[in-house]
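Trainee: I would like to go through some of the labels used for this protein. Please show me the sequence and the model.
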Amino acid sequence: MPHPARLNPHLDRAREHSKAWARELDMIDVPQHGTVIWTEHDLDAHDYALLCAYTHPDAGAEELDLITDWYVWVFYFDDHFLELYKRTGDIDSARGYLDRLELFMPAEGEITATPENPVERGLADLWGRTVPHRSAGWRRRFAESTKALLDESLWELANINEGRLANPIEYVAMRRKVGGAPWSANLVEHSVHAEVPAGIAASRPMEVLRDCFADSVHLRNDLFSYQREVQDEGELSNGVLVFEEFLGLSTQQAADAVNDLITSRLHQFEHTALTEVPALLDDHCVDPAARAATFAYVKGLQDWQAGGHEWHLRSSRYMNEGALAGRGGPDLGGTESLGTSAARIFSSALSTAPQRLRAYSSTPFSAVDVPRASLELPWPPRLSPHLSEARARNVDWARQQGFLDGVVWDERKLRAADLPLYAAGIHPDATAGDLDLTSDWLTWRTYADDYFPLVFGATRDLAGAKAANFRLPAFMPVAGGPLPTPSTPLEAGLADLWPRTAPGRRPAVRQAVETMTSSWLWELANQAQNRIPDPIDYVEMRRRTFGADLTMSLSRGHAVPPELHRTRPVQTLEHAAADVAALANDLYSYRKEIQYEGELHNAVLVVRNFLDCTEERAAEVVTDLIHARSAEFDHTAATELPALYRDEATEATLLGFVRELRDWMAGTVHWHENSGRYTEPELGYHPAPVPVPVRDTVFGGPTGLGTSSLRISALLPTGH
């Protein structure tokens with residue numbers, strides 16, 4: 001760990017208080033349905049007060065008592081659920097048990113239900129002692145994270161009953177919910193009396209900090225609890241086991257890989273805190289008090305990481321025999337000396353230096369030896385009958401917008417890409433007019449995806465990219481109204497597409513465009529630093545950079561009601577589909593991006609860097625991930641989605657939604673297989689800029705398009 005652990009001086013009081021509290025609520029030595037969940041010895045040996053004293057070193061005495069009670073409650077819930085439902089496999093009773101817990105955590109108003117067991121009594125007591133002191137935004141976030149922590153226990157139980165092991169992407173996403181670290185992050189805000197400002201709480205940097213924190217906490221827990229969970233409890237929700245099976249590793253190799261992933265997530269946490277959060281605060285004009293609160297929260301997460309690790313080394317709950325031998329560190333009643341802390345920080349930096357340096361050591365334009373990918377999905381593609389006409393009209397449209405001026409594209413590049421084929425596959429039932437619109441949106445999106453790295457990436461012009469991105473929403477007024485005068489082909493294309501987009505689709509389309517183009521700024525920042533992304537951050541950002549939400553919204557005919565769209569099965573279907581398409585793009589475009597464009601944002605390169613393996617092995621891992629996510633899609637559609645069928649209309653909507661996503665995935669892979677964009681004749685080709693007359697301009701004034709074309713082409717490497 002790069003950060004030294006510190007111990008709260010109120011530890012002894014918290015121990016005494018939490019034991020008395022647990023005894024009062026019948027958590028100690030009181031059978032539940034004939035089973036004693038905890039004895040007094042169990043509680044003493046687990047020492048949750050020590051956990052909280054390490055993870056909240058600056059909390060006051062009363063605050064530490066409250067935080068410790070929360071952790072006693074959550075660990076008791078975990079063991080209570082294990083004994084009563086996981087060991088018996090009684091999923092129906094488990095669902096009723098979890099449904100009742102919602103009654104004791106209202107975001108607004110008083111608790112009116114009567115608690116019937118220690119878990120309900122503890123939650124009712126803690127809720128009343130905690131939420132009245134916090135803002136409405138914090139209460140909402142805390143209620144959501146608590147509900148997720150409870151509800152996703154059903155996912156673990158269902159997997160145990162089926163004997164089903166999650167794939168790595170699915171596992172990380174679900175572990176965040178059932179593992180409870182986002183819930184812990186909310187309690188960090190509470191304990192440091194510093195809420196994250198509502199205006200930035202849902203931003204990418206704050207989400208990344210929370211997710212890095214969660215993943216590091218959960219994966220560390222998986223290392224320490226492997227023996228207990230896998231060998232004793234028959235648990236399948238453990239990252240070491242997931243890596244063993246998916247990557248074909250021995251247990252120790254899998255543990256080492258999980259440990260490397262923890263290191264990568266801690267590096268990502270540092271990177272985000274130091275490079276993204278300050279810019280976020282500036283962009284949102286956050287006042288000094290709110291800035292201080294934000295950084296207090298970040299420091300609180302850091303303290304939790306260090307303290308949580310220290311507790312895992314000491315608690316009898318986990319596999320840690322000999323872990324402290326010769327290690328040094330704080331005694332249970334003190335703190336580390338300055339020399340010990342400094343030595344540990346130096347040791348951490350030294351031991352993780354190879355992994356950290358590897359992320360910044362990519363050589364642009366390296367030759368690629370991996371053969372061209374070929375994928376088969378379980379769903380055959382269907383194509384629109386209007387494809388031929390759409391192809392002809394699409395070229396004319398692109399020319400009218402100025403896309404074919406030789407700066408980024410010419411007609412050859414557009415025809416080779418064959419984006420109407422993409423539209424025909426993801427929107428096979430479209431009318432001729434709708435297919436034209438989908439084709440043109442895909443053309444704009446692909447042109448924009450090429451435009452940003454070419455125009456802004458070659459010169460590391462991050463400010464110019466940010467300014468260009470800032471102007472785009474003005475061309476997408478949700479309520480209608482006049483549009484600004486376009487100043488680039490990128491803006492001209494958007495100005496043409498927006499009035500043609502149905503008003504009912506505009507909010508979703510605008511949100512999708514903003515999410516996509518903003519994510520390209522993240523790519524440009526990494527490119528400027530020559531930084532290969534962390535694997536988890538990459539997968540989650542890839543859904544945005546690929547524009548999955550945009551292309552899904554273009555082909556969607558079955559509108560899922562918002563209350564259903566927010567459910568876990570529907571979100572799982574969308575995320576799995578997005579990963580299938582985005583990772584497929586990375587496979588097909590690997591040579592194009594790495595050898596010809598000097599890119600860093602490709603899953604094959606990210607996996608190769610993380611596992612320190614050959615590119616052939618990395619390509620195999622990415623291929624396996626695609627097949628695992630497609631299998632997860634079918635599993636979710638078959639086993640989890642039916643629980644949402646409230647009536648025939650809802651069932652028809654959800655089944656239609658599944659069919660559309662299957663068409664979307666199949667059409668995406670079919671296009672990659674058949675488009676000329678990724679073939680050898682097109683990889684080394686770059687259009688020549690089309691000269692245009694240049695008017696006399698004052699110094700510093702606008703540059704003629706032909707002049708800018710020539711300047712951009714001069715920045716490109718030879719042969720590109």
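Trainee: Which backbone oxygen lies 2.8 Å from a polar atom of the side chain of R358?

Mentor: The backbone oxygen of N609 does. A polar contact is a pair of N or O atoms within 3.5 Å; within protein, one must be able to donate a hydrogen and the other to accept it, and residues adjacent in sequence count only if both atoms are side-chain atoms. The backbone oxygen of F610 also lies 3.5 Å from a polar atom of the R358 side chain.

Trainee: What are these values based on?

Mentor: The model is predicted, so local features need pLDDT of at least 70 and side-chain atom pairs count only at pLDDT 80 or more, while totals for chains, interfaces and linings use all residues. Residues are numbered from 1 along each chain as its sequence is written, and side-chain values use heavy atoms, with hydrogens and water left out.

Trainee: Why is R358 called partly exposed?

Mentor: Its relative accessible area is 23%. Buried means under 20%, exposed over 50%, and partly exposed in between (1.4 Å probe, protein chains only), so R358 is partly exposed.

Trainee: Why is D47 called buried?

Mentor: The relative accessible area of D47 is 14%, which is under 20%, so the label is buried.

Trainee: Which residues does D47 touch, not counting those up to four places away in sequence?

Mentor: D47 touches R15 and W311, where contact means heavy atoms within 4.5 Å.
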